[in-house]
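Student: Could we go through this model together and ask what stands behind each label?
Tutor: Gladly, let's start.

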Amino acid sequence: MGASVQLRSIDMDLKKEIERLSGQKLDACYLCGKCSAGCPVAPYQDIPPHVVMRMAQWGSKKVLGSKMIWNCASCGTCYTRCPNNIDVARVCGALSQISRREGLVADKVAATLREKFVESVKNNGRVHELSLVVAMKMASRDYLGDLDIGIPMFLKGKFPLFGHKIKDLNNFQKLFDSKKKGDK
Ligand code: SF4
Ligand code: SF4
């Protein structure tokens, strides 16, 4: 895990934008590391959450190229452990938004999955699992992996060919669009 950080550029506008999108006060973090110690995905990432926080505090653009910001599972463990009530998942979410905007996405499979998940929820009011699986396979080009699990699940009807739409889709989509506008 590359916990050491070399800063090459500092952008205070970036820091403000992260705070605006995440609703978190970055300077409240004093780098105790409790978030990273409890994070279930940190051991598999390029940098752990407390380093994401440090880089965000300094407005380092390098954090936009991190895999951690795409693989945060929004599990909330860091939030429950943080002595300063910082929601690191929201910071990761803000960073991934900016990362996409800047064309710096480090994990294209995770980014595609997230995009397709949101698209599926918007179009149907719920997730269509098969669309997500196909999108993930296309993005990763791993067409044969997990077939030993996927085929039995398909045969048991866990991956229906067509998605179902919720009843009050119109109202749901209005709510969805208003939330998206609020995020910008
Ligand atoms: S637990 Fe909170 S204060 Fe500690 S490093 Fe993580 S975000 Fe910062
Ligand atoms: S919300 Fe994200 S950063 Fe926080 S513990 Fe869970 S996976 Fe890690």
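**Reading the labels**

Tutor: The chain has a mean pLDDT of 90, and 92% of its residues reach 70 or more, where pLDDT is the predictor's confidence in each residue, from 0 to 100. This is a predicted model, in which local features need pLDDT of at least 70, side-chain atom pairs count only at pLDDT 80 or more, and totals for chains, interfaces and linings use all residues. Residues are numbered from 1 along each chain as its sequence is written, chains are lettered from A and ligands numbered from 1 in the order in which they are written, and side-chain values use heavy atoms, with hydrogens and water left out.

Student: Which elements have the lowest and the highest mean pLDDT?
Tutor: Helix α10 (residues 169-183) has the lowest, 80, and helix α2 (residues 34-38) the highest, 98. Helices here are DSSP runs of H or I with at least four residues, numbered from the N terminus.

Student: Why is M12 called partly exposed?
Tutor: Buried means under 20% relative accessible area, exposed over 50%, and partly exposed in between (1.4 Å probe, protein chains only). M12 has 45% relative accessibility, so it counts as partly exposed. M12 is found in helix α1 (residues 12-22).

Student: And what makes N124 buried?
Tutor: Its relative accessible area is 12%, so N124 counts as buried. N124 sits in helix α7 (residues 108-124). Leaving aside neighbours within four places in sequence, N124 is in contact (heavy atoms within 4.5 Å) with H164, K165, I166 and L169.

Student: Which residues come nearest to ligand 1?
Tutor: C29, C32, G33, C35 and C82, out of 14 residues around ligand 1; a residue is near if one of its heavy atoms lies within 4 Å. The elements giving two or more residues to this shell are α2 and α3 (49-57). By class, the shell around ligand 1 has ten nonpolar, three polar and one charged residues. Ala, Val, Leu, Ile, Met, Phe, Trp, Tyr, Cys and Pro count as nonpolar, Asp, Glu, Lys and Arg as charged, and the others, Gly among them, as polar.

Student: How many charged residues are in the shell around ligand 2?
Tutor: None: that shell divides into ten nonpolar, three polar and no charged residues. Of the 13 residues around ligand 2, C39, C72, A73, C75 and C78 come nearest.
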